[in-house]
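Let's read a structure together, one feature at a time. Have the sequence and the 3D view at hand.

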Amino acid sequence: MRIDIVVFDGFDELDVFGPFEVLSIAGLDVRLVAVERPGPVTSMRGVELRVPDVLGPADGVIVPGGGWLNRAAEGAWAQAQRGELPAKLSALAPSTRWMASVCTGALLLAAAGLLTGRRATTNRNAYDELRGYDVTVLDERVVDDGDRVTAGALTAGLDLGLWLTERELGAATANRVATAIEYARA
């Protein structure tokens, strides 16, 4: 199973590396992918990555947040304004088993029209904005709505990774990973 985690300039590190760590330990094929082209990507706190792949067909896709609440020049909000990432997510959605998000990455899924009429969560400071996309917002760490799975802010990315691990590989594997990272499952 291939899982792509989208990274873009201004992404939040914990939104990406929380689920990356969990899903990798579980034994899944997890890749960081860029929106437009391979090359350097810089996180919201200045971590530079060289990303070799571009978002394309995958079994699962995870979208992080970062830079939405403060309308940063780079980050999730900027990606929504540019429109390319939402368009790619919308085009890929029918061929994926699921699409997921951490924190304000849910607003990118919503901007792509992928959460309309669904249940989801995000950073609690963005609940009202997410509701504006005709989404039923739940105050939960992880909300599973079938082929869309959303997680709240920051550390909820670990919960998302464990949730997806249990969904794909079973509870025993998810519990083994939680023990390995010394994380108490919520």
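Predicted model: local features only at pLDDT ≥ 70, side-chain atom pairs only at ≥ 80, totals over all residues.

Q: Which helix gives the most to the lining of the second largest pocket?
A: That is helix 6, residues 156-169, with 3 residues.

Q: How much space lies in the second largest pocket, and how much in the largest pocket?
A: The general idea is that rolling a probe the size of a water molecule over the atoms shows where empty space is left. In this model, about 150 Å³ lies in the second largest pocket, and about 250 Å³ in the largest pocket.

Q: Which residues lie nearest the centre of the largest pocket?
A: Of its 14 lining residues, Asp-9, Glu-36, Arg-37, Pro-40 and Val-41 lie nearest the centre. Strand 3 (39-42) and helix 2 (76-82) are the elements that give two or more residues to this lining, and the largest share, 3 residues, comes from strand 3. By type, the lining of the largest pocket has 7 nonpolar, 2 polar and 5 charged residues.

Q: Now a helix. Which residues of helix 7 are buried, and which are exposed?
A: Look along residues 171-180: Thr-173, Ala-174, Val-177 and Ala-178 are buried. Seen down the axis of helix 7, these buried residues fall within an arc of 135°, so they line one face of the helix. On the other side of helix 7, you will find Ala-172, Thr-179 and Ala-180 exposed.

Q: What covers the buried residues of helix 7?
A: The cover includes helix 1 (13-25) and helix 6.

Q: Which residue just after helix 7 takes a positive phi?
A: Glu-182 does, with a phi of about 55°.

Q: Last topic: how many aromatic pairs does a search of the whole structure find?
A: The search finds 2. A pair of aromatic rings is described by the distance of the centres and the angle of the planes. Phe-17 and Phe-20 form an edge-to-face pair, 6.2 Å centre to centre with 75° between the planes. Both lie in helix 1, 3 residues apart, about one turn of the helix. Ring pairs also link Phe-11, Phe-17 and Phe-20 into a cluster.

Q: What is the relative accessible area of Phe-17 and of Phe-20?
A: Phe-17 is partly exposed at 30%, and Phe-20 is partly exposed at 24%.

Note on methods
Residues numbered from 1 in each chain as written. Heavy atoms only, no water. 1 Å grid on protein atoms, 1.4 Å probe; cavity = no way out; pocket = protein on both sides within 12 Å on 5 of 7 lines; lining within 4 Å. Points joined across faces, edges and corners; volume = space filled by probe spheres on them. Helix = DSSP H or I, 4+ residues; strand = E, 2+ residues; numbered from the N terminus. Nonpolar A, V, L, I, M, F, W, Y, C, P; charged D, E, K, R; others polar. Buried < 20%, exposed > 50% of the residue type's maximum accessible area, 1.4 Å probe, protein only. Arc of directions from axis to C-beta. Contact = heavy atoms within 4.5 Å. Phe/Tyr/Trp six-rings, centres within 6.5 Å; stacked < 30°, edge-to-face > 60°.
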